[in-house]
Amino acid sequence: MDISAQFKHNFDCQPTHISRAPGRVNLIGEHVDYNNGPVLPAAIDRTVIIAAAGSADNTVHLHALDLEERVSFSLASLEGKIDLTGNPLPDWARYPAGVAWSLKVAGLDVRGLRAVYTSDVPIGAGLSSSAAVEVGFAALWQALGGWDIDRLELAQLCQRAENDYVGMPCGLMDQFASACGVEGHALYFDTRSLEWLAAPLPPGTSIVIADSGVRRSLINSAYSERRASCERAVDLLKEYLPDIRSLRDVSPIELAAYSDYLPDEIRKRAEHIVKEIARVDSALNALRREDKRAFGALMYSSHTSMRDLYEISTPELDTLVDLTRRLPGCLGARLTGAGFGGCTVNLVEDPYVVEFMGGLEAGYKMETGCQVQVYLCRASQGVSIQEI
Ligand code: GLA
C-alpha cells in the first residue's frame, strides 16, 4: 500500500512526514517490567506506518486504513474522550488521543494533525500493536513540534497514555522496545534504573513467531490481577524483608526461605517473577558468551514457569511449545507478551528455519485441526521519522 497516495486521496494534499514504529517480541522476562526487573525484548520488522501533515485547526483527523474508519477530535477536549460531534472516541482512536493528552500534560506543544495509518503488527497477539501506534504518533508530534526529548522519555509518555488514558496498567517494556529498537539486537532493559544496552542475537540463529490465533478479551482484568498478586506478595514479604520495594528486591534464596508464609497462589506468582528476573540476567550472560543453547534452555524454562506458576498460558500455546521439542533446530520456545493467547517466540538455528516452520504448521494442524500462522522475523530498529 502506498501510504502517501492514501494520504493524498484522503486529504487532497501531500503528507509532510511518515512515521514507522515497530511492534516487539519479548525474548525473555515476562511480567517483570511492572516488578522493576530487567527484560529482554527486540523490536521486530512489523510496523505501524503513519503518513501525516499538520493541521491549523487544533483538530486531529485520523483515518485507520485497516479498519476503514475515520474520526476527528479536538485537542481542546481530550479529557472528555469524545469526537468532534460529541460521541465517545472509538477504542482504536484512544491510543493516539491518549498520546496527545499525555504529551500535553507534560507541557509539550501538540499540534493539529491529519493522518492515515496502517499496520502489519497483528492486533491482540502479544506483539505490542498498541505500543507501536502510540510511539508512532508520539514521534510524529515530536517532529511537528520540534521538541527535544529522547526516545526513552517518549516511551514513558506513551506508557502514561496507556495507563492513565486508555486504562491498561502496563509496564514500560513495549513502548521502550518500539522506541529504542536496534537492528539485529535484543535490548536488555533495566526497568528500575532505566539503563539499557543492545546485545547481538546469537550468531547463526533466527527468531520465528507462531501466532496461535487465540485472542482473549478479558486480558485487562487478568493482567491487573497478576499485578495485584505481585503487590500483595511484596506486602506480605515486607514483614520478613522490610527493605524490599518490589519483587525485584527479593532473591530466589530469600523467597525460598519465606515462601511458606505466603498463600499458595501468591507464592506461585512471586516464584515466577523472582526466578524470571534471574533468567533474564542469565540470558544476557548467554548472549555475551554466544551460548545459544543456554539461551534456548532459559526460554523453555520461562515457558514452564508461565504455564505452571504464573498461569498465563493456554492449551494452544503449550501445544506450540511442546511441538518444538520434536522439531530439528529449535533451541528454545516460549509464549511471548502478556499471555492468555497470542504468540510463541522460537529461537531456531538458521539451516533449519524452513523445515522448522513447516514442521510446526503441520504438527499443529495434526494435533489441533487448526491453522497456526508462522513467520520469520528480524530484530529491527525503533521508531523512525521520514520528512518529505
Ligand atoms: C504486556 C505489557 C508489558 C508487559 C507484558 C508482559 O505486553 O504491556 O508492559 O508487562 O505484557 O511481560
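This briefing looks at the ligand site and the cysteines of the structure above. The model is a predicted one, so please read each value below as computed from its atoms. A search of the whole structure turns up zero disulfides.

**Around the ligand**
- The shell around the ligand includes Arg24, Glu30, His31, Asp33, Tyr34 and Cys170.
- Gly171, Met173, Asp174, Tyr223, Gly337 and Ala338 also belong to these surroundings.
- By residue class, the shell splits into five nonpolar, three polar and four charged residues.

- Glu30 places a polar side-chain atom 2.6 Å from an oxygen atom of the ligand.
- In Tyr223, an N or O atom of the side chain is 2.6 Å from a ligand oxygen atom.
- Gly171 takes part through its backbone, where an N or O atom lies 2.9 Å from an oxygen atom of the ligand.

**Cysteines**
- Cys230 counts as buried because its relative accessibility is 1%, under the 20% cut-off.
- Cys13 has 22% relative accessibility and therefore counts as partly exposed.

Notes: Residues numbered from 1 in each chain as written. Predicted model: local features only at pLDDT ≥ 70, side-chain atom pairs only at ≥ 80, totals over all residues. Heavy atoms only, no water. Near = heavy atom within 4 Å. Polar contact = N/O pair within 3.5 Å; in protein donor to acceptor, adjacent residues only side chain to side chain. Nonpolar A, V, L, I, M, F, W, Y, C, P; charged D, E, K, R; others polar. Disulfide = S-S within 2.5 Å. Buried < 20%, exposed > 50% of the residue type's maximum accessible area, 1.4 Å probe, protein only.
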